[in-house]
Amino acid sequence: MSQDRGPRRPRRLGKYALISASATALSLTASGCVVVHGEREVLPSATRAEAAKALEQFTTAYNAADKAYDASLDADHTTGALAAIDSARLKAGATNHPDGNPAHEPLELTDAKFTIPKKAGWPRWFVADTKANKGGKARWLLAFTRGGLDETWEAAYLTLVAPGKVPEFKTDQDGWAEAVPANSTDVSVPPADLSKDYTTYLRDGGKTFADGVHTSSWRALREKRSTRPGLVTQYIDEPLANGDYAPLALRTKDGGALVFFTSRHFEKQTAARGASVPTPNKDVLALTDGEIKQSLTMEFVSNEVALDPADGQVSVLGRVQGLTSGKGE
């Protein structure tokens, strides 16, 4: 397993360090000095009004960036897997349409339902479950994070889930949800291990994950594509689970967890002697370095959301994947 080395982008580093300045609880020492311990206090990650405002600000920034094909316009409102996917999409769009997106249609997110966990320390985060005017009837699930009170809420994950598949969450009497620690062992797979286990499953199969579009069907499709006459297609899958790509998990009402996690995938197409690699579309070409002579290697970042039960197989409910770079040889 290789080290996480996410796609290069101008993002702040170390944003998830503990920030004692965010404290809300104070304790007095014997000397009478005030000591800040807010990072230890279990608090809601955001108010419902703050969550709604963060979703609104994200949508505005996303639409501005999409209309102009300018990644700088929503750079402060995205991070992690979504930022990697979105910035690459905008880069390709700007290359092919330097005057902006001729097919721009503003994204509209409605019927928002917010699930906000109570937790100590940073980052703090919450999930927005919305309808959208794109993507058919699927619900859009966005996970927002921030590393301190002076930071902007950023969307780290965006996945689409079929209607009726979003589970019920465990909440307290005030409606606040419960965050599941990354190393939790009271679910089938600790959230911190899901990316690693998922990429292992894609390579070797196994019983950890339930059959579905993003598991058994995807493995079957890749197996079929790898054996086309005159073209060899190889796949390498790597986990991404640190820093901005850390998993986020919410406790479900039945004792399991809904987990957002990230993975990286490489697809290398190599043509047989005398043949050529199929000509990629212009968006792929815009993100590809080198001349495509005999092979093309494409790198993708994928963000998944999975139902991780207290016992049994993990079900991958949704996956959004985007090309982040390519290399021709």
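Modeller: Start with a cut-off: a polar contact is a pair of N or O atoms within 3.5 Å, one able to donate a hydrogen and the other to accept it. Keep in mind that this is a predicted model. The side chain of Asn303 reaches the backbone oxygen of Val320 at 2.9 Å.

Colleague: What lies 2.8 Å from a polar atom of the Asn303 side chain?

Modeller: The backbone nitrogen of Leu158. Asn303 itself sits in strand E14, residues 295-308.

Colleague: Why is Asn303 called buried?

Modeller: Buried means under 20% relative accessible area. Asn303 has 1%, so it counts as buried. Residues that Asn303 touches include Ala81, Tyr157 and Phe261.

Colleague: What makes Lys118 and Asp172 a salt bridge?

Modeller: The limit is 4 Å from a side-chain nitrogen of Lys or Arg to a carboxyl oxygen of Asp or Glu. Here N to O is 3.9 Å, so the pair qualifies. Lys118 lies in strand E5 and Asp172 in the loop between strands E8 and E9, so the pair ties together parts 54 residues apart in sequence.

Colleague: Which residues does Arg264 pair with?

Modeller: Glu238, at 3.2 Å, and Glu299, at 3.7 Å. Arg264 is buried at 0%, and Glu299 counts as buried at 10%.

Methods. Residues numbered from 1 in each chain as written. Predicted model: local features only at pLDDT ≥ 70, side-chain atom pairs only at ≥ 80, totals over all residues. Heavy atoms only, no water. Helix = DSSP H or I, 4+ residues; strand = E, 2+ residues; numbered from the N terminus. Buried < 20%, exposed > 50% of the residue type's maximum accessible area, 1.4 Å probe, protein only. Contact = heavy atoms within 4.5 Å. Lists of a residue's contacts leave out its neighbours within four places in sequence.
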